[in-house]
Amino acid sequence: MIKLIATDMDGTLLDENGHLPDGFVDILDRVREKNIKLVAASGRPYYTLQTNFGPIGRHLSFICENGALVVDNNQIIYKNVIEKNIVQSIITEAKKVKDNALVVCAPNCAYIENYSEEYLTEIKKYYSVINIVDDLSEVEDDIIKISICNIEGTNDIVNSSLKDTLNIVATADIWTDISNKGVNKGVALKQLMETDNISKEETMVLGDYYNDIEMLAEAEYSFVMENAPEDMKQYGKYIAASNEEHGVLRAILEYAL
C-alpha cells in the first residue's frame, strides 16, 4: 500500500501555465483520508510553494530548493547551507559566462542584481520574495542554493571546475541549480521516509527532469511524465500521462486510490 507520494512541480504536477490541475483539491482530500503523505518536491523555494498552494499547503510536506530545505508538519526540519567562501567562488565563476543571471537563495528570500525585464519576468515565475542588491557577493544571509538563468542557453558552468565539489544540475532548459555535494531531492525524500518509517515499496514518485533522478530511485512506484525528455524515461518504472493531461492525478487515482 502506498503511504507517501512525492511529486515534482514544473512539468509534472503544474500545467504549462504553472497552475495546479483541476481536481487537485479533491485528490488531496482523498489522499489525506487514507493517511497518505503528499510531498511537493521542487526547485522552487518554500515561500513560493506556499503561494502556489495557498491554505491547502498546510496539509502537505515540502522538499524545496531541490532538496536544500525540507518542511514537514509546517516546520523546517532540514536546511543545507553553502559555506560563504564557496558562495563567493560560485558567484565569481558564474559571472564569467555572458548572459548569466544569478539568483542567490536564502530560506526566506532570493537575492538578485538589477537584471533586464526579460530576466526579471523569468525569475519572478519561481521566486516570489526578491531582494535586489548592488552586489551579490556582499549578501550575508545563509545561502542554500544558487540558481543560474541563461535565456540564451549558453550557460556552461556545468563543465566548470566547480562540478567536482558541488552538486550542479540542469533543472530546465535555461536554468541550472548549484548546491552542496550530496544535496538532491532523493536525499531529502529519504529523510521524510525515515521519519515516518515508510519503505521504498510504500513510496510513489513522479517527475520529469534531471533533478528528479535521485528522487525517482527512492520509490518502487516511480513515474516519469510523458512530456519528459526521452532520455529521462529510463529512470521511471512507469510512464505517466503528460502534465497537460493531468498525469499526476491520473496516476494517483490508479495506483494509490
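**Close-up views of pockets and cysteines**

**View 1. Buried Cys-149.** At a relative accessibility of 0%, Cys-149 is classed as buried (under 20% relative accessible area; exposed is over 50% and partly exposed in between, with a 1.4 Å probe and protein chains only). The model is predicted, with local features requiring pLDDT of at least 70 and side-chain atom pairs pLDDT 80 or more, while totals for chains, interfaces and linings use all residues. Residues are numbered from 1 along each chain as its sequence is written, and side-chain values use heavy atoms, without hydrogens and water.

**View 2. Cysteine sulfurs around Cys-105.** The structure contains zero disulfides (pairs of cysteine sulfur atoms within 2.5 Å). Cys-105 is buried, at 0% relative accessible area, and its sulfur lies 9.2 Å from the closest cysteine sulfur, that of Cys-109, which is too far for a bond. For Cys-149, the nearest cysteine sulfur belongs to Cys-105, 12 Å away.

**View 3. The largest pocket.** This pocket has a volume of about 710 Å³. A pocket is an open set of points on a 1 Å grid over the protein atoms alone, where a 1.4 Å probe fits, with protein on both sides within 12 Å along at least five of seven lines; lining residues have an atom within 4 Å of a point. The volume is the space filled by probe spheres set on the points, which are joined across faces, edges and corners. Of the 31 lining residues, Asp-10, Gly-11, Tyr-126, Thr-171 and Ala-172 lie nearest the centre of the largest pocket.

**View 4. The second largest pocket.** Its volume is about 240 Å³. Asn-35, Ile-36, Lys-37, Leu-38 and His-59 are the closest to its centre among 16 lining residues.
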